[in-house]
Amino acid sequence: MLDEIERSGLLGHGGAAFPTAKKLKAVLSQPGRPVVIANGTEGEPASHKDRVLLARATHLVLDGASVAADLVEAGEIFVVVHRDVRAAVDAAVGERRRTGLDRASFRVVTASDRFVAGEASAVVNWIARGKPVPLGKPPRLAERGLAGRPTLVQNVETLAQLALIARYGAAWYRSLGTPEEPGSMLVTLLGALERPGVREVEIGIPLAEVLARAGGPTSTLQAFLVGGYFGTWLAAGPSLSRPFSAQGLGVGLGAGLIFAFPTGVCGVEETAQLARYLASQSAGQCGPCMFGLPAIAGEVTKLAQGRLTSTEVLERWLLEIDGRGACSLPDGVAGQISSALKVFAPEVAEHLDGWCTARAGCRILPIPTGGPR
Amino acid sequence: MRGRSGVRIRVDRIACDGRGLCAEILPEWITLDDWGFPIVNQAIVPEDLVLAAEDAVEVCPKLALWLETAST
């Protein structure tokens, strides 16, 4: 079975696209009884695919978790899910208990609703201590994770794909997608689209075709935000004919978010809003993130307000915070804002001169406000 | 063992408090950002700086630095 998964080329669908077989092997190579965590936290506020999957194909996810648990000989599976789908998952786990077909036992946990809560070590920390923030430095989770045991943390969509590979095999899985990025993936399609929502798409089809699955654009587009709020902005024009894959677009597909950003809306203001949200989501554990993110958000806000005459300091900070956190939040912020400065360069230049040319309003990305965040 | 070669300096970002002693001991390799937190060159520490790197690790009051043997 492990060989089959390796041949399938399955990559993680949580955001980092890490090879699943490699993760399984890392856990298998450790002494001690492992634990499996099915991660349906979905801390990315604009993403809905994990929730939709857990609501519509609950047993498929649990099947995959069960396969993974058998593979690494885990006795316990924690299923961490968004509160919206908790009842559905509880019901499904109840059904499985009654059938008694799973070797491992399931425990359902309601996820924490914070941006960084879905990071693998934060999920472990949440289950173990009720703290939804990432853990620092080694050991890796595969060595010592939950309760000191080798821990496999897999996104729920990855587990659903794993269940299908277990049923139909690697060759079947590879019948869709590209050689490097096989299979299909769930994407959350948002923004200026006729029918926004979650769709399953074959990796590698043209981006325009992906948008067509959501009814196509409702207006001319200027850009896409790909991956998530930690993702990358792409200029709309050149991207539409490119294959929807990390290789084709030249950026990570992250958690599968595509936000179609229409013309006439201010990309700088949107970026400022995102920057403030992401800064608010810092766990406050690491200095460069705790201090750097609010400073960066402040600088982008000034830019959006036409109160900045140079992006020099901002660009230096973006370079400096990259890679300097216990999790990749600072890297995500750096990448997302750097790409915004490039894609929205003409609008940035206007703002440096004190002008905003947007005529169709602003603040169109859904950003959570209020509540305990 | 002092003076081992082929190491990188790693930082436990959660433990690091921005005291800045590391940057004083090893300014060639560690600088501080605008908030006083270390920016560490992630390349393999050159031979002539390895002893200073070990000092930087030892002097950190938060025990936030360590040397990692580079795999490549």
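Visitor: At roughly what angle do the axes of H13(A) and helix H14 (residues 312-321) of chain A cross?

Guide: Two packed helices are described by the angle between their axes and the distance between the axes. In this predicted model, the axes of H13(A) and H14(A) cross at roughly 155° and come within 10 Å. Because angles over 145 degrees count as roughly antiparallel, H13(A) is roughly antiparallel to H14(A). The crossing of H13(A) past H14(A) is left-handed.

Visitor: Which residues of H13(A) and H14(A) meet?

Guide: From H13(A) come Pro288(A), Cys289(A), Gly292(A), Ala295(A), Ile296(A), Glu299(A) and Val300(A), and they meet Val313(A), Leu314(A), Trp317(A), Leu318(A) and Ile321(A) of H14(A). By class, this contact of H13(A) with H14(A) has ten nonpolar residues, one polar and one charged.

Visitor: How many residues does each of chain A and chain B bring to the contact?

Guide: Chain A supplies twelve residues and chain B ten residues. On the side of chain A that touches chain B, helix H13 (residues 287-304) gives the most, with four residues. That side of chain A comprises four nonpolar, five polar and three charged residues.

Visitor: Which residue in S6(A) stands opposite Ser184(A)?

Guide: Glu202(A) stands opposite Ser184(A).

Notes. Residues are numbered from 1 along each chain as its sequence is written. Chains are lettered from A and ligands numbered from 1 in the order in which they are written. This is a predicted model: local features need pLDDT of at least 70, side-chain atom pairs count only at pLDDT 80 or more; totals for chains, interfaces and linings use all residues. Two residues are in contact if their C-beta atoms, placed from the backbone, lie within 7 Å. Helices (H or I, at least four residues) and strands (E, at least two) are DSSP runs, numbered from the N terminus. Ala, Val, Leu, Ile, Met, Phe, Trp, Tyr, Cys and Pro count as nonpolar, Asp, Glu, Lys and Arg as charged, and the others, Gly among them, as polar. Axes are lines fitted to C-alpha atoms, for helices over the stretch in contact, and angles run from 0 to 180 degrees between N-to-C directions. Angles under 35 degrees count as roughly parallel, over 145 as roughly antiparallel, 65 to 115 as roughly perpendicular and the rest as oblique. A crossing is left-handed if the near helix is turned anticlockwise from the far one by less than a right angle, and right-handed if clockwise. Two strands pair if DSSP finds at least two bridges between them.
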